[in-house]
Amino acid sequence: MRVLIAGSSGLLGNALTARLRAGGHEVVRLVRRETRKPDEFSWDPPAGRVADGAFDGTDAVVNLCGAPLLPQRWSAARKQVIVDSRVEPTEVLAEAVAEHGIPVLVNASAVGYYGNAGSALLEESAPNGDGFLANLCDAWENATTAAGDARVVRVRTGLVLSGDGGLLGPLKPLFSLALGGKLGDGTQYMPWIAEEDQISALEFAVTSDRLSGPVNVCGPLPVTNAEFTREFGRVLNRPAPWWVPAPAMKLAIGQAAEEMALASQRAVPRALEDAGFEFEYRTVGDALAAAVR
């Protein structure tokens, strides 16, 4: 297949590019700067411009675009940047998919779609929640409707456990020094996913016609923050006795604390498993052990 990836410079984009190429697929990248390599095409999402030839012969488009949610506080201006960095590129790519008759669009989203859902088990049919992140994910996913008759997979990603950064980047040094601890009361569910399984799920979404619509990309056995904390301490052979009170978190990072660190999403990958996808890491302990090796 010839796969075009937007947002390929991040952790997941680079890993997916390597995986697809190892599988014999051709990968081209959209970049927002001057091109430097033969596999790159320039684009300007706010202007709706994409370099000529980018979509020629393309079998699938993967959109992983999005400005980081942290560490900046969510001011009104920052929220607009976060929204625009996701919705505008999706609209441009979805329209291009329809115009060029590309059969597949795999588009990033997040389990933040469900808002703070407590202990409710969240399959893909669960309703959209409340809050900035839930509204963002809803708008992000709705932007794919311009893709017409293409098979569209809306990937609702959980917290990726990677040895190369992501969630564990700032956490590992703290836990290694026995400074780890639960956030708030620790009862909120964390929809984790091993990096290896995240990349495999994206590859599966590109190559398998058994997936379409919203897809929860998270581990099959969700855990609470307190359980995650204990497992990470166990994997590193360090105690994790500390506790970060919810008010302190809200003071430090504002609204992001409420909607990211303290929100609960007990999401399960029903669509993936029904399509026959097999996880390499089914427990958070195995995923954490792989990430720190």
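**Notebook: cysteines, helix pairs and loop residues**

I searched the whole structure for disulfides (pairs of cysteine sulfur atoms within 2.5 Å) and found zero. I note that the model is predicted: local features need pLDDT of at least 70, side-chain atom pairs count only at pLDDT 80 or more, and totals for chains, interfaces and linings use all residues. Residues are numbered from 1 along each chain as its sequence is written, and side-chain values use heavy atoms, with hydrogens and water left out.

I looked up Cys137 and found it in no disulfide; the nearest cysteine sulfur belongs to Cys218 and is 13 Å away. Is Cys137 buried or exposed? Cys137 counts as buried, because its relative accessibility is 2%; buried means under 20% relative accessible area, exposed over 50%, and partly exposed in between, with a 1.4 Å probe and protein chains only. Cys218 is likewise in no disulfide, and its nearest cysteine sulfur is that of Cys137, 13 Å away. I recorded Cys218 as buried too, at 0% relative accessibility.

**Helices H2 and H3**

I then turned to helix H2 (residues 76-100) and helix H3 (residues 132-142), whose axes come within 9 Å and cross at roughly 20°. H2 is therefore roughly parallel to H3; angles under 35 degrees count as roughly parallel, over 145 as roughly antiparallel, 65 to 115 as roughly perpendicular and the rest as oblique. The axes are lines fitted to C-alpha atoms, for helices over the stretch in contact, and the angles run from 0 to 180 degrees between N-to-C directions. Helices (H or I, at least four residues) and strands (E, at least two) are DSSP runs, numbered from the N terminus.

Which residues make the contact? From H2 I listed Lys79, Ile82, Val83, Arg86, Val87 and Thr90, and from H3 Phe132, Leu136, Ala139 and Trp140, contact meaning heavy atoms within 4.5 Å. By class, the contact of H2 with H3 divides into seven nonpolar, one polar and two charged residues. Here Ala, Val, Leu, Ile, Met, Phe, Trp, Tyr, Cys and Pro count as nonpolar, Asp, Glu, Lys and Arg as charged, and the others, Gly among them, as polar.

**Helices H6 and H10**

I examined helix H6 (residues 225-235) against helix H10 (residues 284-292): their axes come within 9 Å and cross at roughly 45°. H6 and H10 are therefore oblique to each other, and the crossing is right-handed. H6 contributes Phe228, Glu231, Phe232, Arg234 and Val235 to the contact, and H10 contributes Val284, Gly285, Leu288, Ala289 and Val292. I noted seven nonpolar, one polar and two charged residues in the contact of H6 with H10.

**Loop residues**

I located Ala54 in the loop between strand S4 (49-50) and strand S5 (60-63). Ala54 is buried, with a relative accessible area of 1%. Leaving aside residues up to four places away in sequence, Ala54 touches Arg2, Leu4, Val28, Leu30 and Phe41.

I found a cis peptide bond joining Leu70 and Pro71, with omega about 10°; Pro71 lies in the loop between S5 and H2.

Ala178, although not a glycine, has a positive phi of about 60°, and I placed it in the loop between helix H4 (168-176) and strand S11 (181-183). Asn237, also not a glycine, has a positive phi of about 55°. I placed Asn237 in the loop between H6 and strand S16 (242-244), where Asn237 is exposed, with a relative accessible area of 65%.

Conventions: A crossing is left-handed if the near helix is turned anticlockwise from the far one by less than a right angle, and right-handed if clockwise.
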